[in-house]
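Morning, everyone. Please have a look at the model on the screen, and then I will walk you through it.

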Amino acid sequence: MLTSVLDPSVSQIPTIVNLDNGLTIIAEQMPVDAVNLNVWLRVGSALESNEINGMAHFLEHMVFKGTPRLKSGEFEQRIEQRGAVTNAATSQEYTHFYITSAPKDFADLVPLQLDVVLNPIIETEAFERERLVVLEEIRRSYDNPNRRTFYRAMETCFDSLPYRRSVLGPASVIEGLTPQQMRDFHNSCYQPTSVTAVAVGNLPVEELVNIVTNSFEQTAYSQKTISNNFNTLTFPNTPESPFQDIVRQEYDDDKLQQTRLIMMWKVPGFLELNETYALDVLASILGKGKTSRLFQDLRENQGLVSQISVSNMTQKVQGMFYIAAKLLTDNITEVENNIIQHLHKIQQESVNQEELNRIKRQAVNRFVFNNERPSDRTNLYGYYYSQMKDVTPALSYPQMIQSLTLDDIQQAAQKYLNPDAYGVTVVRN
């Protein structure tokens with residue numbers, strides 16, 4: 001039996017179908033000569049214990065190393081023979097796998113994608129070979145100055161939430177993982193109830209749903225026995241307290257060409273979604289683009305930074321609002337003080353209507369431009385549904401930004417961006 005979920009208040013919403021086995025299918029017809037399937041799972045580094053940190057990402061690699069039906073490398077070969085493309089990614093709260101194909105090839109390729117996701121054999125010899133690949137990826141990630149700085153900022157921001165850990169995990173943990181641990185992890189986390197399969201492209205919605213449903217059945221997937229050595233993981237649902245004072249972490253890194261300064265605040269995540277919209281606007285006004293306040297003041301007018309940006313990173317339990325700058329070491333104090341002055345000004349006066357109108361126009365245009373391809377839509381729907389069990393907030397984002405007032409912006413700055421209590425990460429070159 002299928003049940004279809006549809007919110008009539010949002011005209012753009014795609015068809016959402018829940019199967020009895022727990023699998024969710026989201027489908028939408030789109031008049032372009034392609035179809036994208038994006039398989040989302042609610043599993044990532046944030047659901048891991050410290051003892052297996054990096055397992056979800058390692059498993060993403062192993063998914064492509066063979067199933068009882070497909071030998072290692074066969075999936076990619078058969079995808080490429082049709083001129084289709086495939087890839088995957090792991091984050092803190094999700095893992096997703098996707099293919100884009102011609103509409104005429106979609107029904108043949110979907111069973112292959114679902115088979116590799118749901119039925120990897122995780123053979124020991126392949127596991128050992130891929131372990132070396134993952135360890136090299138970890139090494140290269142620490143060679144990347146932007147990643148090193150970001151990891152340090154996350155550690156400064158979060159005391160206990162698993163966002164402070166790397167998605168790739170530490171090399172010491174990866175070196176100790178076993179194939180059986182990974183099989184148990186897969187059996188526990190890759191259940192139908194954790195899967196959202198999103199299909200968008202130039203086929204009728206009913207056909208897209210039927211292809212995914214039948215393909216899922218073709219994989220002959222059945223729940224396997226979970227080893228007693230594996231405990232199902234849960235994610236904490238309680239945000240951390242805001243900073244009570246200024247918490248400063250400083251590092252030396254002689255591989256950097258310029259010093260990095262990151263200032264951060266703990267802010268609401270998806271659990272308080274309505275609180276995030278004004279913070280998105282504040283990030284844009286302060287530091288997105290060449291017309292933003294901090295770019296104009298600190299780079300163009302005063303020349304105190306070579307680069308500056310602001311982001312409101314929304315995660316499920318708690319987000320991080322952060323300001324990142326590249327600068328000379330001698331300018332750290334002056335830049336930090338200038339940023340605080342900008343926050344004080346917004347808290348006292350809010351922003352001006354012209355700025356807010358500009359951001360509103362950008363939000364609408366960005367939403368349109370970023371959702372023109374089937375893969376854009378499957379990313380949008382899959383991300384929101386995997387995190388919230390709802391796609392309505394994704395589609396209503398421009399309207400939510402449009403509804404914000406100057407008072408909303410001022411109140412968000414006052415409530416969440418305390419100029420006397422925040423985190424600071426400085427990495428000196």
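**Pockets, cores and rings**

Let me start with the lining of the second largest pocket: by class, eleven residues are nonpolar, seven polar and eight charged. Here nonpolar covers Ala, Val, Leu, Ile, Met, Phe, Trp, Tyr, Cys and Pro; charged covers Asp, Glu, Lys and Arg; the others, Gly among them, are polar.

A word on the source. This is a predicted model, where local features need pLDDT of at least 70, side-chain atom pairs count only at pLDDT 80 or more, and totals for chains, interfaces and linings use all residues. Residues are numbered from 1 along each chain as its sequence is written, and side-chain values use heavy atoms, with hydrogens and water left out.

What is a pocket? On a 1 Å grid over the protein atoms alone, it is an open set of points where a 1.4 Å probe fits, with protein on both sides within 12 Å along at least five of seven lines; lining residues have an atom within 4 Å of a point. Volume is the space filled by probe spheres set on the points, which are joined across faces, edges and corners.

Our second largest pocket has a volume of about 530 Å³. Its lining has 26 residues, and nearest the centre lie Phe150, Tyr151, Arg165, Ser166 and Val167. Helix H1 (55–62), strand E5 (85–90), helix H4 (124–143) and helix H5 (145–157) each give two or more residues to that lining. H5 gives the most, seven residues. Helices (H or I, at least four residues) and strands (E, at least two) are DSSP runs, numbered from the N terminus.

Now the largest pocket. Its volume is about 950 Å³. It is lined by 35 residues, with Asp280, Leu380, Tyr383, Tyr384 and Tyr397 nearest its centre. By class, that lining has 17 nonpolar, 13 polar and five charged residues.

Next, the cores. Which residues touch the most other members of the largest nonpolar core? Trp265, Leu282, Ile308 and Phe321, out of 61 residues. A nonpolar core is a set of buried Ala, Val, Leu, Ile, Met, Phe, Trp, Tyr and Cys residues joined through side-chain atoms within 4.5 Å. Buried means under 20% relative accessible area (1.4 Å probe, protein chains only). Helix H9 (residues 276–287) brings the largest share of this core, eight residues. Apart from it lies another core, of 57 residues, including Val35, Leu135, Val173 and Tyr190.

Take Leu282. Beyond its neighbours within four places in sequence, Leu282 is in contact (heavy atoms within 4.5 Å) with Phe321, Ile346, Ile409, Ala412, Ala413 and Leu417.

On to the rings. Rings of Phe, Tyr and Trp (its six-membered ring) pair if their centres lie within 6.5 Å; planes under 30 degrees apart are stacked, over 60 edge-to-face, and the rest tilted. That rule gives 16 aromatic pairs. One is Trp265 with Phe321, edge-to-face, 6.4 Å centre to centre and 70° between the planes. Trp265 sits in strand E9 (residues 259–268) and Phe321 in strand E11 (residues 318–327), 56 residues apart. Both Trp265 and Phe321 are buried.

Phe270 and Tyr384 have ring centres 5.7 Å apart and planes at 75°, so this pair is edge-to-face too. Phe270 is in the loop between E9 and H9, and Tyr384 is in helix H13, so the pair ties together parts 114 residues apart in sequence. Ring pairs link Trp40, Tyr94, Phe270, Tyr383 and Tyr384 into a cluster.

Last, helix H7 (residues 179–189). Why is H7 largely enclosed by the rest of the structure? Because eight of its eleven residues are buried.

Note on methods:
Buried means under 20% relative accessible area, exposed over 50%, partly exposed in between (1.4 Å probe, protein chains only).
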